2 protein chains.
Amino acid sequence: MSVLERFSFNHATAKFWDQREAVEACARTGSGIGLWREPVQEMGVEASAKLVQDAGVQVTSLCRAGFFTDPTPAAIDDNRRAIDEAAALGAPSLVLVSGPIPEGGTIDSAREGVKEALAVLAPYALERGVTLAIEPLHPMFASDRCVVTTLNEALDLAAPFTAEAVGVVVDTYHIWWDPEVWRGIARAATEGRIASFQLADWITPLPAGVLTGRGQLGDGCIDLKRYQETVDATGFGGPIEVELFNDALWARPGAEVFAETRAAFANALA
Amino acid sequence: MSVLERFSFNHATAKFWDQREAVEACARTGSGIGLWREPVQEMGVEASAKLVQDAGVQVTSLCRAGFFTDPTPAAIDDNRRAIDEAAALGAPSLVLVSGPIPEGGTIDSAREGVKEALAVLAPYALERGVTLAIEPLHPMFASDRCVVTTLNEALDLAAPFTAEAVGVVVDTYHIWWDPEVWRGIARAATEGRIASFQLADWITPLPAGVLTGRGQLGDGCIDLKRYQETVDATGFGGPIEVELFNDALWARPGAEVFAETRAAFANALA
């Protein structure tokens with residue numbers, strides 16, 4: 001089996017590309033797709049589900065819910081809706097970005113909020129056959145976007161729940177710097193928690209807009225092949241998503257970005 | 001004892017302020033000072049040593065050596081010179097920033113370079129009565145500036161050596177996001193490794209120039225008082241340096257920045 005058969009294109013890599021065209025490109029190439037809630041809602045959840053089903057495209061994840069460091073009823077409701085959407089789309093996992101430090105709080109209090117939210121949401125997700133995939137983000141986002149910063153922290157948060165209910169995202173861009181990363185991946189595998197595996201590269205110097213400066217595969221310093229081999233050695237054989245938030249890519253035609261990203265994927269994992 | 005008696009002004013907080021004026025301001029207020037190699041060399045090491053001695057100002061650290069992920073003879077020699085300078089200045093510790101991923105290397109190979117360099121330098125430092133203070137930097141600097149990213153990693157690197165030879169820097173700006181930080185501080189204390197304690201705040205949104213966007217104490221989201229209490233609870237009663245790399249501060253008169261920083265320090269730790 002060629003590694004290309006495991007390629008999944010996260011829609012955010014060509015953020016402004018029409019969802020239908022993205023799904024069609026995936027269908028033509030036997031690729032999976034990582035969908036995003038905004039374009040799904042724009043087309044309608046049922047219509048989106050029919051689109052991928054008719055095209056025979058595997059939805060590898062739905063992005064993105066979470067933002068529940070302040071677990072208000074509204075935040076919980078929105079996450080329940082996201083779980084329903086993932087179930088309707090046949091997405092095995094829903095990616096969760098935990099959210100910022102709430103006004104007046106600390107990073108420690110925010111982390112308590114995440115625990116509370118997961119306790120409420122995990123049974124709901126389990127009933128609907130969706131795995132909540134906790135994504136640690138790079139620590140440069142710890143104050144304004146995601147207080148969960150390491151794979152081990154995500155695994156500790158997942159620990160109270162079954163692996164069917166709560167897993168983690170292994171995204172190279174966010175965790176490559178961590179001296180514990182290899183042990184973290186081994187632990188995630190042992191606990192059966194790898195709910196999503198995503199690739200992006202880290203380029204130097206860091207672009208000024210840190211949110212949208214993820215590198216095309218091969219353009220940066222991350223040993224992506226070693227990540228694939230390490231994750232695969234744990235017994236993981238699932239899809240590998242490429243998710244690049246990158247202003248320069250977003251400015252280009254989606255079809256071109258898709259083809260380039262698929263080629264970079266094949267090259268990086270050759 | 002007022003916490004202000006433990007205030008030490010790192011010269012980089014007013015980077016373009018004349019070293020003599022900075023030392024005089026510290027003398028007038030009973031503050032310590034963290035010196036930097038470039039201004040020390042500009043004045044001359046002996047003249048700088050005489051300056052602080054005559055002024056009765058405690059040098060709390062010398063910044064900065066390291067950059068030995070590729071431990072060439074030139075890099076090692078430069079670190080030996082830095083150790084000599086620290087000894088001449090009466091600085092108890094020399095701050096080490098490990099350096100970038102060398103061309104063609106990986107973060108793992110770079111970390112091996114750091115181990116090699118420390119093994120060569122630790123005995124030299126011990127002979128001269130200078131503690132090498134390994135500073136973990138925030139992971140956003142992992143590719144281009146410092147491959148050591150957590151307190152635990154720094155402690156692992158220090159472990160083969162006596163605490164007199166090799167310790168760590170506890171700098172709130174770099175480690176505040178780490179879910180292991182409180183355990184890391186406890187471990188550092190147990191092992192007697194806190195060679196320098198530095199404060200800076202984390203502001204949101206992250207400024208575009210990430211190197212020079214450290215926040216004035218109290219302007220950000222770090223619970224600085226909790227850091228002081230936690231570090232002090234371990235038995236540490238040493239100086240507390242404030243080191244802010246901040247373009248806006250650097251553009252202002254040094255005396256003004258000094259007074260403001262000292263007041264912010266008193267306020268944050270009140």
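## Where the chains meet

In this predicted model, 27 residues of chain A are in contact with 27 residues of chain B. Together the two chains bury about 2,100 Å² between them. Carbon and sulfur atoms account for 64% of that area. Three residues stand out on the side of chain A. Trp176(A), Trp177(A) and Pro179(A) supply 22% of the area that chain A buries against chain B.

Do the copies meet through the same surface or through different ones? They meet through the same surface, because 100% of the interface residues of chain A are also interface residues in chain B.

## How the copies are related

Chain A can be superposed on chain B by a rotation of 180°. The shift along the rotation axis is 0.0 Å, and the RMSD is 0.0 Å. The two copies are therefore related as by a two-fold rotation axis.

Which residue of chain A comes closest to the rotation axis? That residue is Ala208(A), with its C-alpha at 2.4 Å.

## Salt bridges

How many salt bridges are there between chain A and chain B? The count is two. Arg226(A) forms a salt bridge with Asp108(B). Here the closest N and O atoms are 3.1 Å apart. Over all chains, the count comes to 34 salt bridges.

Another salt bridge lies within chain A. It joins Arg80(A) to Asp77(A), and the closest N and O atoms are 3.4 Å apart. Both residues sit in helix α4 (residues 73-89) of chain A. They are three residues apart there, so about one helical turn separates them.

## Two helices in chain B

Now look at helix α8 (residues 181-190) and helix α9 (residues 224-233), both of chain B. Their axes come within 9 Å. They cross at roughly 30°. Is the crossing of α8(B) and α9(B) left-handed or right-handed? The crossing is right-handed.

Which residues meet here? From α8(B) come Val181(B), Trp182(B) and Ile185(B). From α9(B) come Arg226(B), Tyr227(B), Thr230(B) and Val231(B). The residues of this contact divide into five nonpolar, one polar and one charged.

Most peptide bonds are trans, and most residues other than glycine have a negative phi. Arg64(A) belongs to strand β3 (residues 59-66) of chain A.

Where is Pro205(B) found? Pro205(B) is in the loop between β7 (194-199) and α9 of chain B.

Phe67(A) lies in the loop between β3 and α4 of chain A.

Notes: Residues numbered from 1 in each chain as written. Chains lettered and ligands numbered in written order. Predicted model: local features only at pLDDT ≥ 70, side-chain atom pairs only at ≥ 80, totals over all residues. Heavy atoms only, no water. Axes fitted to C-alpha atoms, helices over the stretch in contact; angles between N-to-C directions. Helix = DSSP H or I, 4+ residues; strand = E, 2+ residues; numbered from the N terminus. Left-handed = near helix turned anticlockwise from the far one by under 90°. Contact = heavy atoms within 4.5 Å. Nonpolar A, V, L, I, M, F, W, Y, C, P; charged D, E, K, R; others polar. Least-squares fit on C-alpha atoms with pLDDT ≥ 70 in both. Buried area = accessible area lost by both parts, 1.4 Å probe. Salt bridge = Lys/Arg side-chain N within 4 Å of Asp/Glu carboxyl O.
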